[in-house]
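Here is a short report on one protein chain. Please keep the sequence and the model open while reading.

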Amino acid sequence: MMRPRYYRALSRAERIVRTASVLIGALLTASIAQSVESREATTHEVQEPLPPLGPARPLRLPAIVRKQLPNGLKLVILEDHRQPAIWLRMAIGAGSSRDPVDRVGLAQMTASMLDKGTTTRSEAQIADTNDALGASLGAGSDEDHLTISASGLSTFTDTLFDLLSDITLRATFPTQELERMRTRTLSGILASLGEPATVADAAIHRRVYGTHPYGNFATGTAASVNAIQQQDLMQFRDSLFLPNNSTLFIVGDITAEQATAAALQRFGNWQQKELSRPPDPPKSAELALKSPRITIIDRPDAAQTEVRIGLLTRGYTDPMRQVGRIATAVLGLGQFEGRLTKEIRVKRGLTYGAASFFDRKGQAGMFEITTFTKNASTGEVVRIALEEARRMQNEVTPTDELKERKEFLNGSFAVSVATTPGVLQRLVPAVLYGAGPEELTRSIANVEAVTSSQIEDYMRTLPLGWPEIVLVGAASAIEPQVKSLGTVTVIPAGSLDLQSPTLRAPSHSP
């Protein structure tokens, strides 16, 4: 069975870890044996067992200061003087969901072009200044936000603020650099869409989110990327890069007073404007579906099938988000401990990995199951995945299993916030979408409070009777196996249009 690139990489990592484990184990065994022999020769002392793990400790954060400048720019300041470093992150409500219909990819292109020159610095000057500081400067976008980041030693705080404000407020988007970026983006689109896993991920987003921009292939298509011009980048920036649409996170070796003064100096004259409304939230197709809707993207020569199962859910503000997080940890998170991997890989050997997760955004979210298998076992894998998910709607999660999954999540959380950048990574969505910094300090307690009955109740809210299912593989082998599971639509790979709600290019519509 052919493995996608990311599974091959994982396998190499696993082999390295296993080899290291064997070597370490051998050394430890030899050392222990020698120690035991020596001890037996001198004493009959009995070794005490290791103590059990203690309870997870809640995260304790320094006081976080939240302010707002007169122009509407929000500041979130976290003092941390343990290292002589500072991290700046400007989050602007200018994600890919704001892309014009005929310019999908504009948000990502804008982010990529911000450091290619400003009214005060050329691209080379920006790069040279950044390199001289040994700093990090960059930008990226997701569905809801475009984020600009700068970090480095706190000795260079003033210069870092200057660089951040320069590319945020004064980018010029040079046409020559735009053409280079366009060529690079088009090559990337061509390469990524050659990967069945990428196609499956993009297609399930389109099916679940329908016509909403969350369903767009955010990098864009050849047509939309070729349509983007310099004036589009400037208009996108001028209409959405607004202080009343932005939050600046300042974390590290700086006082709240210094951070506020630095932000006011660089961004105080940034003019606020009236902000256009975001698109309406996506609507569920649940009422229109009477059974699972199965979309097969036909790749006749494929030896295996990429499997995606998805459902529209509430976004980050779902009050039961923590319950859903633990439910999906039971179902399909955490290597071999997830039920999906146990059933599909360990017991039957039908895949190298299977996972489930919630992808939460500002306006909506998606519950997804993802795996892959041989074409011949596609139907079996889809049935097992659905059965395992539906079983959680009608059975209480055993106490031991729930306890282990909670320990896994709390342990993962503790590792993720062990560094200042890790805290910032968690802090940003908590402030932009959630209840604020207290989400981090309450995380351990919130996980511990979830009960088995809450998980069962929450899973019942998911319309698992009529999910969206996307299969990328050889339709001739797949369709007979799944046609009894729901309504099947076959789309030849050459007729696929990821920006179309039907996933079909207009000239290939049935």
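Which residues are buried in helix H17 (residues 452–460)? They are Ser-452, Ile-455, Glu-456, Tyr-458 and Met-459. Buried means under 20% relative accessible area, exposed over 50%, and partly exposed in between, with a 1.4 Å probe and protein chains only.

## Basis of the model

This is a predicted model: local features need pLDDT of at least 70, side-chain atom pairs count only at pLDDT 80 or more, and totals for chains, interfaces and linings use all residues. Residues are numbered from 1 along each chain as its sequence is written, and side-chain values use heavy atoms, with hydrogens and water left out.

## Overall build

The chain holds 18 helices and twelve strands. Helices (H or I, at least four residues) and strands (E, at least two) are DSSP runs, numbered from the N terminus. Of the 510 residues, 48% are buried. Among contacts (heavy atoms within 4.5 Å) with a separation of 6 or more, 82% join residues 24 or more positions apart.

## Helix H17

Down the axis of H17, the buried residues fall within an arc of 165°, so they line one face of the helix. The arc is that of the directions from the helix axis to the C-beta atoms. These buried residues pack against helix H10 (321–332), strand E9 (354–360), helix H12 (378–391) and helix H13 (399–416).

## Two nonpolar cores

A nonpolar core is a set of buried Ala, Val, Leu, Ile, Met, Phe, Trp, Tyr and Cys residues joined through side-chain atoms within 4.5 Å. The largest has 65 residues. Ile-148, Phe-241, Leu-248 and Ile-250 have the most contacts inside it. Helix H6 (residues 196–209) gives the most to this core, with seven residues. Apart from it lies another core, of 39 residues, including Ile-296, Ala-327, Ala-389 and Leu-409.

Take Ile-250. Leaving out residues up to four places away in sequence, Ile-250 touches Val-76, Ile-77, Leu-78, Ile-86, Trp-87, Leu-88, Phe-161, Ala-259 and Ala-263.

## A hairpin

Strand E1 (residues 64–68) and strand E2 (residues 74–79) pair in the antiparallel sense over five bridges. Pairing requires that DSSP find at least two bridges between the strands. Arg-66 stands opposite Val-76 in E2. Five residues lie between the strands of this hairpin, and Gly-72 takes a positive phi near 100°.

## The largest pocket

The largest pocket has a volume of about 1200 Å³. Its lining counts 38 residues. Nearest its centre lie Tyr-316, Arg-321, Arg-426, Pro-429 and Glu-439. The elements that give two or more residues to the lining are strand E3 (85–92), H10, E9, H13, helix H14 (420–432), helix H15 (438–441) and helix H16 (443–449).

On a 1 Å grid over the protein atoms alone, a pocket is an open set of points where a 1.4 Å probe fits, with protein on both sides within 12 Å along at least five of seven lines; lining residues have an atom within 4 Å of a point. Grid points are joined across faces, edges and corners, and the volume is the space filled by probe spheres set on the points.

## Loops and backbone

Most residues other than glycine have a negative phi. Phe-173 has a positive phi of about 50°. Phe-173 sits in the loop between helix H4 (157–169) and helix H5 (175–192), and is buried at 0% relative accessibility. Leu-503 has a positive phi of about 70°. Leu-503 lies in the segment after strand E12 (487–492), and is buried at 0% relative accessibility.

Gly-210 lies in the loop between H6 and helix H7 (222–227). At 23% relative accessibility, Gly-210 counts as partly exposed. The C-alpha atoms of Gly-210 and Thr-502 are 8.4 Å apart, though 292 residues separate them along the chain.
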